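This report describes a protein model together with its ligand. The account starts at the ligand and then turns to the sheets and the backbone.

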Amino acid sequence: MKKKIKSFPLIHPTTIGIVGTSYNDSFNFTTIGDIAVAGLNPPLVMVSLNINHLATEYILASNRLSLNMPTKDMLSFVDYCGIHSGRDVDKSSIEPFEVMSGLPILKRAPIALIIQVVHTYQHKQRFICICEVEETHIDEELLENGKLNLSNLEMVLYGLDNHYYTSGEIIGEGYKVGKE
Ligand SMILES: Cc1cc2nc3c(=O)[nH]c(=O)nc-3n(C[C@H](O)[C@H](O)[C@H](O)COP(=O)(O)O)c2cc1C
């Protein structure tokens, strides 16, 4: 039997991303769990940020961000970027990155998107952005004969029980297992 608990956006797990922003030659990284694919064609993602974050200030100034998808070996950097604000510490001095199209891309993250904000909406203290993906950069090991192979990736996932999880187990093929 199920039990009704307090209203909670309990989608489990969510995928952790690290938002990369830049402003006037300075770079910042911010951990977020409130991200989602918003469509494949056109390629859209949704990110939701607190209005007081430095990331939000930089995005409002430029309308652009990078979304870096970290793996479990990056966990301490992930958590660090979610504990400290770029207003207090220089998060760009810790982890190697390169600049692509003006935005910081983390070298260790196997997947990084360059995205353009196309719609924003503020609800209470939240700044919600719908963004179009301009560029998708992936480690070349993820391509097998030109096809994406994501099976070995151990991404950082997050649960609202405040634990990090990881991915990697294939349990079936999409648009196929339902036919069997
Ligand atoms: C696991 C985790 C997930 C987080 N998810 C979000 C999120 O989805 N949106 C958000 O605004 N802040 C989120 N945060 C908090 C920000 O990362 C944190 O407040 C950060 O210090 C803001 O940095 P900035 O001021 O440099 O942008 C998360 C933190 C952690 C540890």
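## The ligand and its surroundings

Four elements each supply at least two residues of the shell around the ligand: the strands β3 (26-32) and β5 (44-50), and the helices α1 (54-62) and α2 (75-83). The model is predicted. In this model 24 residues surround the ligand, and the closest are Thr30, Thr31, Asn50, Ser85 and Gly86. By kind, the residues of the shell divide into 9 nonpolar, 11 polar and 4 charged.

| Protein atom | Ligand atom | Distance |
|---|---|---|
| Asn28, polar side-chain atom | oxygen | 2.9 Å |
| Ser48, polar backbone atom | nitrogen | 3.1 Å |
| Arg126, polar side-chain atom | nitrogen | 3.3 Å |

How much of the ligand does the protein bury? Taken alone, the ligand exposes 650 Å², and the protein buries 86% of that area.

## The sheet of seven strands

An open sheet is formed by 7 strands, with antiparallel pairing, in the order β3-β2-β6-β9-β10-β5-β4. Strands β3 and β4 (35-39) stand at the edges; each has a single partner strand, so one side of each is left without a neighbour in the sheet. From one strand to the next, the twist averages 35°.

Within this order, strand β2 (residues 17-23) pairs with strand β6 (residues 64-69) in the antiparallel sense, over 3 bridges. Ile18 has Asn68 of β6 as its bridge partner.

Two helices pack on the sheet. Helix α1 touches β2, β3, β5, β6, β9 (111-123) and β10 (126-138), and its direction makes about 55° with that of β2. Helix α2 touches β2 and β3, and the direction of α2 makes about 100° with that of β3. Both helices also take part in the shell around the ligand, as do β3 and β5.

## The sheet of three strands

A further open sheet has 3 strands in the order β1-β13-β14, again with antiparallel pairing. Its edge strands are β1 and β14, each of which pairs on one side only.

Strand β1 is joined to β13 by 2 bridges, and the two run antiparallel. Here Thr15 stands opposite Leu157 in β13. On the β14 side, 4 bridges join strand β13 (residues 156-159) to strand β14 (residues 163-166), also in antiparallel fashion. Tyr158 has Tyr164 of β14 as its bridge partner. What do β13 and β14 form, and how many residues lie between them? They form a hairpin with 3 residues between the strands, and Asn162 in the turn has a positive phi of about 65°.

## Backbone details

Two cis peptide bonds precede prolines. The bond from His12 to Pro13 is cis, with omega near -10°, and Pro13 is found in the segment before β1 (14-15). The bond from Asn41 to Pro42 is also cis, with omega near 5°. Pro42 has its place in the loop between β4 and β5.

Asp25 has a positive phi of about 70°, although Asp25 is not a glycine. This residue lies in the loop between β2 and β3, two strands that α2 touches.

Definitions and conventions. Residues are numbered from 1 along each chain as its sequence is written. This is a predicted model: local features need pLDDT of at least 70, side-chain atom pairs count only at pLDDT 80 or more; totals for chains, interfaces and linings use all residues. Side-chain values use heavy atoms; hydrogens and water are left out. A residue is near a molecule or strand if one of its heavy atoms lies within 4 Å of it. A polar contact is a pair of N or O atoms within 3.5 Å; within protein, one must be able to donate a hydrogen and the other to accept it, and residues adjacent in sequence count only if both atoms are side-chain atoms. Accessible areas come from the Shrake-Rupley method with a 1.4 Å probe; for residues, only the protein chains shown count as cover. Ala, Val, Leu, Ile, Met, Phe, Trp, Tyr, Cys and Pro count as nonpolar, Asp, Glu, Lys and Arg as charged, and the others, Gly among them, as polar. Two strands pair if DSSP finds at least two bridges between them. Axes are lines fitted to C-alpha atoms, for helices over the stretch in contact, and angles run from 0 to 180 degrees between N-to-C directions. Contact means heavy atoms within 4.5 Å.
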